[in-house]
Amino acid sequence: MPWYLHIALRHLFPQGKRFPFFTLMSVTGVSLGVALLIIVISVFNGFGHEIRTKIADTYGDLRVANGSILYDPDTLTSTLNAYKGVVQATPYANGVVVLLYRNQPLYPMIEGIDLRSDAELEKLAGYLTLGDIDEFDDDSLLLSSGLAAQLGLVPGDEVDLYTPLMALKLKQRGGDEVMLPRLLRIAGVYQTGWQRADENTVVCSLRLMQDLYDLGEGAHGIRIELAEGFDAEAVARELTESLGRPYYARTWMDSQAEFLSVLEFEKRMMFFLLFFIVIVSAFSITSSLLISVIRKTREIGLYRSMGATSRQVSACFCFQGLLIGVTGTILGFALGFLVLAFRAQITQAISSIMGVSNSMKEIYAFSYLPVHIVPLDLVIISTLSILVAVIAGLVPAYRAGKLKPVEALRSE
């Protein structure tokens with residue numbers, strides 16, 4: 001090991017002496033900044049990952065449509081099921097309806113799903129907060145939690161349902177007929193945790209949707225679930241090219257691009273703001289190393305008089321900044337992962353003290369703090385933290401390297 005690196009280690013971690021206060025403060029600053037970045041970014045990633053999973057569950061990994069009605073959806077479904085990476089393809093139909101309960105109208109989106117698909121029913125069953133999926137049939141609806149709360153509906157209640165097609169038929173017949181609604185029973189209430197779906201969505205069977213919109217045996221599109229590890233965008237491009245016009249495939253990311261961009265923007269802004277903690281710790285590194293340069297001026301003069309170059313003296317203090325950055329980053333990773341490991345106990349204690357134990361479940365549809373660790377984020381955090389610490393050591397290193405041997409030895 002070069003002598004100047006050995007001296008740097010001795011300055012930061014002297015043997016047989018109490019741990020230096022300035023080193024402790026510098027390492028602690030970097031550690032807390034790194035730990036906070038890891039905790040917050042991982043939780044942000046966790047929320048984003050959970051929301052993306054819920055969107056994919058409700059929308060599907062991608063959808064195939066032709067801009068009109070698929071009059072033979074079963075044939076297309078069989079074709080899509082044969083594609084590599086496709087776990088399941090099921091037809092769907094969607095639109096807008098008028099929901100009337102006790103003379104109070106709402107205008108939700110409605111989606112019809114194929115009741116022959118056990119996987120679709122299993123997903124819905126996992127999101128039910130009220131009711132039983134076994135009660136869901138062609139004469140019933142599943143309401144989102146937002147709609148149910150607005151109208152005060154519970155399973156077993158009945159609502160009137162109107163579609164734009166009813167009004168169109170009435171107009172075509174001269175308006176001489178009475179437009180009768182479809183009376184339907186509420187089979188359950190669901191909450192996915194995705195706000196857009198939970199505020200204004202109704203789920204019914206595909207057969208009911210075909211009846212309401214006069215689709216015959218048709219559908220509006222095919223919802224596709226992909227196997228783990230397959231890129232939805234790549235599969236969508238392949239399907240669009242393979243099927244040809246007028247068919248096209250869209251991923252759930254395309255349909256929710258604006259929403260996902262907001263999530264990513266929030267994550268980046270939080271990273272930007274929290275990174276200032278690491279920058280603040282860099283100032284403590286600079287100040288502590290500058291004080292070290294002043295205190296060890298005569299020692300630096302001695303090294304210079306013995307033949308040490310200004311570059312070697314500068315490297316000694318620059319290496320101290322690197323050591324503080326590396327040590328602080330390692331301890332920050334340990335602290336961050338420790339907090340994430342015990343996050344359930346920590347959030348439960350905080351919730352109990354503040355009396356908000358069920359608030360997360362009410363808002364996000366899950367009662368735990370989700371975490372999703374992205375390796376690239378960890379690489380960025382560690383690299384930037386160490387880089388800032390090294391930069392913080394450049395100013396003291398430059399000052400130490402510029403000291404002249406005679407003046408340094410003369411210093412008191």
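Which elements each supply at least two residues of the nonpolar patch? They are α13 (310–341) and α14 (343–354), where helices (H or I, at least four residues) and strands (E, at least two) are DSSP runs numbered from the N terminus. This is a predicted model, in which local features need pLDDT of at least 70 and side-chain atom pairs count only at pLDDT 80 or more, while totals for chains, interfaces and linings use all residues. Residues are numbered from 1 along each chain as its sequence is written, and side-chain values use heavy atoms, with hydrogens and water left out.

**Surface patch**

The nonpolar patch covers about 530 Å² and is made by Leu32, Leu335, Leu338, Phe342, Ile346 and Ile350. A patch takes residues with over 30% relative accessible area and no salt bridge, joining like charges within 9 Å and nonpolar side chains (Val, Leu, Ile, Met, Phe, Trp, Tyr) within 5 Å. Areas are computed by the Shrake-Rupley method with a 1.4 Å probe, and for residues only the protein chains shown count as cover. One of the patch members, Leu335, is found in helix α13. Leu335 is partly exposed because its relative accessibility is 34%; buried means under 20%, exposed over 50%, and partly exposed in between (1.4 Å probe, protein chains only).

**Pocket and cavity**

The second largest pocket has a volume of about 750 Å³. It is lined by 32 residues, and those closest to its centre are Thr58, Tyr59, Arg63, Asn94 and Glu111. Among the elements that give two or more residues to this lining are α2 (21–59), β1 (62–65), β2 (86–96) and β5 (109–113). By class, the lining of the second largest pocket has 14 nonpolar, 10 polar and 8 charged residues. Here Ala, Val, Leu, Ile, Met, Phe, Trp, Tyr, Cys and Pro count as nonpolar, Asp, Glu, Lys and Arg as charged, and the others, Gly among them, as polar.

Both kinds of space are found on a 1 Å grid over the protein atoms alone: a cavity is a set of points where a 1.4 Å probe fits but cannot get out, and a pocket is an open set with protein on both sides within 12 Å along at least five of seven lines; lining residues have an atom within 4 Å of a point. Points are joined across faces, edges and corners, and a volume is the space filled by probe spheres set on them.

There are 2 cavities of 30 Å³ or more, and the largest cavity has a volume of about 50 Å³. Its lining includes Ala56, Asp57, Glu120, Lys123 and Glu225. The largest share of that lining, 3 residues, comes from β11. The lining of the largest cavity divides into 2 nonpolar, 3 polar and 6 charged residues.

**Salt bridges**

The count comes to 10 salt bridges, each being a side-chain nitrogen of Lys or Arg within 4 Å of a carboxyl oxygen of Asp or Glu. The table gives some of them.

| Pair | N to O distance |
|---|---|
| Asp74 and Arg116 | 3.4 Å |
| Glu225 and Lys123 | 3.4 Å |
| Asp137 and Arg185 | 3.1 Å |

In the salt bridge of Asp74 and Arg116, Asp74 lies in helix α3 and Arg116 in the loop between β5 and α4, so the pair ties together parts 42 residues apart in sequence. Asp74 is partly exposed at 40%, whereas Arg116 is exposed at 54%.

Glu225 and Lys123, which form a salt bridge, lie in strand β11 and helix α4, so they tie together parts 102 residues apart in sequence. Glu225 is partly exposed at 26%, and Lys123 is partly exposed at 22%.

For the salt bridge of Asp137 and Arg185, the places are the loop between β6 (128–131) and β7 (140–144) and strand β9, so the pair ties together parts 48 residues apart in sequence. Salt bridges that share partners also join Arg63, Glu111, Glu120 and Arg223 into one network.

**Backbone**

Most residues other than glycine have a negative phi, and most peptide bonds are trans. The peptide bond from Arg245 to Pro246 is cis, with omega near 10°, and Pro246 lies in the loop between α9 (232–243) and β12. Arg102 has a positive phi, near 55°, and is placed in the loop between β3 (98–101) and β4 (104–106). Asp214 also has a positive phi, near 55°, in the loop between α8 (206–212) and β11.
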